[in-house]
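Welcome, and thanks for taking a look at this model with me. Below is a short briefing, grouped by topic.

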Amino acid sequence: MPWFQAQLQDPNGNWLWFANAVASTPLCCPSRATILTGQYDTHTHVRDNTQGQNLDDTNTLPAWLDGVGYTTGLVGKYLNSYPWQRAPYIPPGWDRWFAKQNANESTAYYDYDVVDQGVVRHYGAMPQNYATDVLAEQAVRFVQDAPAGQPWFLYFSPNAPHLPWVPAPRYAGAFRDVQPPIPPLDVLNDVTGKPGYVRAMPPLDEARRQGYVEADRNERAMLLSVDDAIHALIDAVAARGELDNTVVIFLTDNGYEMGLHRLDGKRFPYTPSIGVPFAIRSPWTPSDTVEDLVANLDVAGTIAELADVAPGRPQDGISLVPALYGRPIAERPGVFLDWGGDENVPHWQGVRTRSYVYVRNADGFEELYRSDDRYQLDNVAGDPAASRLLRRARDLLEVLATRARE
């Protein structure tokens, strides 16, 4: 069993697993801007992967922490297309800056550039330059070198398991005998009750399905390198004697559709796309599973409260600190979901609650799925028996969308 998975299952591992976690906008750049601010994409103005430069980087989590004496470091991916045709620079608030540039997917794991304290360094195609390992080494070095007796904050953000599905050489084929849970073709091709752009997708055949099986295996193999990195970071914190006063937050920026509803990728309002793994380790928290609805929106406010610093922006998320003490977190009616639209996936807005997902597409087409509908195959928006639930969902979306526009 991978080390991190074993830690999550260890009753003495001090990890809280948030079983119902979502990304409010399921795409890299908007989600990362949300993680660093605690705000919806409509407030950060980063609504797709081309708008990273819209973020006001003078008022983000690292700036808040740096202002109260934290040593801060980013190792890995920042925002898509950084530095946006400008000379390499270090955004405000970061003391250590090792930001991997992502010219295109061919440079995801080899033959890439890194902005190292404002200086561009190239890492070639040699096996020792596998990006996850290079970033892990730098992250561990940050932990080792952070000033003793002072607070520090590390944002470690490797590409993995982003496509292309390229495991480290030592893990190639590690899951070749595993049968991933890719649904059968009849499920993958079920587009009943879906909006027009989904119904227009060509049906998948068995060759495509097997392609997703192989992609899933490679993705799992890639995550073994991430597992190594987390293990090394935890060991580095322990070596400093600080494991009993360090909080670790683990999540990704979005999910990924692998064939369900004939879809591939992100930006969709369905569980494979909006759902994210989310766990927090604190020294004083017994391992447990929390069923409350949480989101990427909650990271900035949670860290700010732990650091006893006031966020510099109004928070669209909530603090998860009470959960670390076994107390209820603030009640929320739901999480606002938003995608601004592009030529492939039209604009949609929605709301995720504990009991349903409701989506209103750009053309007005509505979708409503109960939470026990695992693959979201049964759109009950047109079912008279669900009319009351539909009205509540519409009303809630209107409230949350209005707040997101303010």
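At what angle do helix α5 (residues 131–145) and helix α8 (residues 206–239) pack, and how far apart are their axes? The angle is about 10° and the axes lie 9 Å apart. Before the details, please note that this is a predicted model, in which local features need pLDDT of at least 70 and side-chain atom pairs count only at pLDDT 80 or more, while totals for chains, interfaces and linings use all residues. Residues are numbered from 1 along each chain as its sequence is written, and side-chain values use heavy atoms, with hydrogens and water left out. Helices (H or I, at least four residues) and strands (E, at least two) are DSSP runs, numbered from the N terminus.

**The helix pair α5 and α8**

- Axes here are lines fitted to C-alpha atoms, for helices over the stretch in contact, and angles run from 0 to 180 degrees between N-to-C directions.
- On the α5 side, Thr-132, Asp-133, Ala-136, Ala-139, Val-140 and Val-143 meet Ser-225, Val-226, Ala-229, Ala-232, Leu-233, Ala-236 and Val-237 of α8, where contact means heavy atoms within 4.5 Å.
- By class, the residues of this α5 and α8 contact are 10 nonpolar, two polar and one charged (Ala, Val, Leu, Ile, Met, Phe, Trp, Tyr, Cys and Pro count as nonpolar, Asp, Glu, Lys and Arg as charged, and the others, Gly among them, as polar).

- Strand β1 (residues 15–22) pairs with strand β10 (residues 278–281) in the antiparallel sense over three bridges, and Leu-16 has Ile-280 in β10 as its bridge partner.

**The antiparallel sheet and its helix**

- A further open sheet of four strands runs in the order β12-β13-β14-β15, with antiparallel pairing.
- Its edges are β12 (335–339) and β15 (366–370), each with a single partner strand, so one side of each is left without a neighbour in the sheet.
- From one strand to the next, the twist averages 15°.
- Five bridges link β12 and strand β13 (residues 348–352) in the antiparallel sense, with Gly-350 in β13 as the bridge partner of Leu-337.
- Helix α12 (residues 387–405) packs on this sheet and touches β12, β13, β14 (356–361) and β15, its direction making about 70° with that of β14.

**Backbone details to check**

- The peptide bond from Ala-160 to Pro-161 is cis, with omega near 5°, and Pro-161 sits in the loop between β6 (152–157) and α6 (185–188).
- Leu-163 and Pro-164 are also joined by a cis peptide bond, with omega about 5°; Pro-164 is placed in the loop between β6 and α6.
- Asn-14, although not a glycine, has a positive phi of about 65°, and this residue lies in the loop between α1 (3–9) and β1.

How values were computed: Two strands pair if DSSP finds at least two bridges between them.
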